[in-house]
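Here is a briefing on one protein model. Please keep the sequence and the coordinates open while reading.

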Amino acid sequence: MKIVVGIDGSAESTDALRFAAAEAGATGADLLAVTVWEVSTHAARYLSQEHVDDAMIPWMGEFIDEVLGAKGADVTKLAASGSAGGALLDAAADADQLVVGSRGLNRLQRTVLGSVSRQLASHTPCPLTVIPPADVDGGVNDAGVAASGPVVVGIDGSANSMTALQWAAQRAVRTDSLLRVTMAWRGESAGWRPAPEFSDVLPADQVLEAQAQEMLDEAIQAAALPDSLRLETLLHEGSPKHALDEAAQGASMLVLGTRGHGGFMGLLLGSVTSHTLDHLRCPTTVVPAA
């Protein structure tokens, strides 16, 4: 296994490094730390990899040792130049997990992690975990461990959300956590109001809710989750964003697919993911389509 973490010296990347190191320790994965020297395309023509290494590797060693102590000796270091998002995606091409902070230092020669987290979520080749700011109650402690609580996953019946469900279940089993599976549904009153002549065509809210519950139950059954898993399901009427905000209260991790179904009962995971990354309550993992 391989975990990649983006670092830039910010408090958020400090937490990301701690979290990634804890994950690597728990899973036996190799840990690769990546920093990016962001320079203009014009300036990049004058920089060799040796220049980048000479400028960044010594700093990386000092930063990693300061954060992880003796455990930092096991971390492989990679310094890159150019686009932060592109460099991290390249490094994660064969990784099992990519970890970044929610935002970083807005300085020349430092990767601005906040500005690329949504880019990474859209193009990540592996599960992407974004660590919330240090001042968020649901962040990680000095050992890189998230607060105890359930693993929460939002599903909508799409193939991508089922992949997210499987990943969340595996994490819940590994961390001996409750898995909370949530689905949102929306009745007529939550969306557009039809003209009177169409009011009898649309099903009643009770029918929509029953259909959503059936979809949720079928998704759980189709996932063939481990018998040892502690499971809780939550059906929420209203906005998918509000459903996830509510379900993620006190969670140790929130898991989403990159995109899902649209429509009345679908979690609009493309827009929901963007909203969630802007309002992090806990470490949040975006799982790409299989």
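**Helix H4**

- The buried residues of H4 are Ala84, Gly85, Ala87, Leu88, Leu89 and Ala91. Buried means under 20% relative accessible area, exposed over 50%, and partly exposed in between, with a 1.4 Å probe and protein chains only.
- H4 covers residues 84-91 and is mostly covered, with six of its eight residues buried. Helices (H or I, at least four residues) and strands (E, at least two) are DSSP runs, numbered from the N terminus.
- Ser83 sits at the start of H4, where its side-chain oxygen reaches to within 3.4 Å of the backbone nitrogen of Gly85. This is a polar contact: a pair of N or O atoms within 3.5 Å. Within protein, one atom must be able to donate a hydrogen and the other to accept it, and residues adjacent in sequence count only if both atoms are side-chain atoms.

**Basis of the values**

- This is a predicted model: local features need pLDDT of at least 70, side-chain atom pairs count only at pLDDT 80 or more, and totals for chains, interfaces and linings use all residues.
- Residues are numbered from 1 along each chain as its sequence is written, and side-chain values use heavy atoms, with hydrogens and water left out.

- Twelve of the 17 residues of H1 are buried, so the helix is largely enclosed by the rest of the structure. Among them are Glu12, Asp15, Arg18 and Glu23.
- The end C-alpha atoms of H1 are 24 Å apart, which agrees with the 24 Å that its 17 residues should span at 1.5 Å a residue. The expected span is 1.5 Å times one less than the number of residues.
- Gly28 follows H1 and has a positive phi, near 75°.
- Asp8 lies in the loop between strand E1 (2-6) and H1. Asp8 counts as buried because its relative accessibility is 0%.
- The side chain of Asp8 makes polar contacts with the side chains of Ser10, at 2.7 Å, and Ser13, at 3.0 Å.

**Salt bridges**

- How many salt bridges does the count come to? It comes to six. The rule asks for a side-chain nitrogen of Lys or Arg within 4 Å of a carboxyl oxygen of Asp or Glu.
- Arg18 pairs with Asp15, with the closest N and O atoms 3.7 Å apart. Both residues lie in H1 (residues 11-27), three residues apart, about one turn of the helix. An α-helix has 3.6 residues a turn, so residues three or four places apart point the same way. Asp15 counts as buried because its relative accessibility is 8%.
- Arg171 forms a salt bridge with Glu23, the closest N and O atoms being 2.8 Å apart. This pair links distant parts of the chain: Arg171 is in helix H6 (residues 159-174) and Glu23 in H1, 148 residues apart. Arg171 and Glu23 are both buried.
- Arg180 and Glu232 meet through their side chains in a salt bridge of 2.7 Å, N to O. Arg180 lies in strand E7 (residues 179-185) and Glu232 in strand E8 (residues 231-237), so the pair ties together parts 52 residues apart in sequence. Arg180 counts as buried, at 15% relative accessibility, whereas Glu232 counts as partly exposed, at 31%.

**Second largest pocket**

- The second largest pocket holds about 260 Å³ of space. On a 1 Å grid over the protein atoms alone, a pocket is an open set of points with protein on both sides within 12 Å along at least five of seven lines. Lining residues have an atom within 4 Å of a point. Grid points are joined across faces, edges and corners, and a volume is the space filled by probe spheres set on the points.
- Its lining has 16 residues, of which Glu23, Val145, Ala146, Arg171 and Thr175 lie nearest the centre.
- H1 and H6 are the elements that give two or more residues to this lining. H1 gives the most, with four.
- The lining divides into seven nonpolar, six polar and three charged residues. Ala, Val, Leu, Ile, Met, Phe, Trp, Tyr, Cys and Pro count as nonpolar, Asp, Glu, Lys and Arg as charged, and the others, Gly among them, as polar.

Conventions. 1 Å grid on protein atoms, 1.4 Å probe; cavity = no way out; pocket = protein on both sides within 12 Å on 5 of 7 lines; lining within 4 Å.
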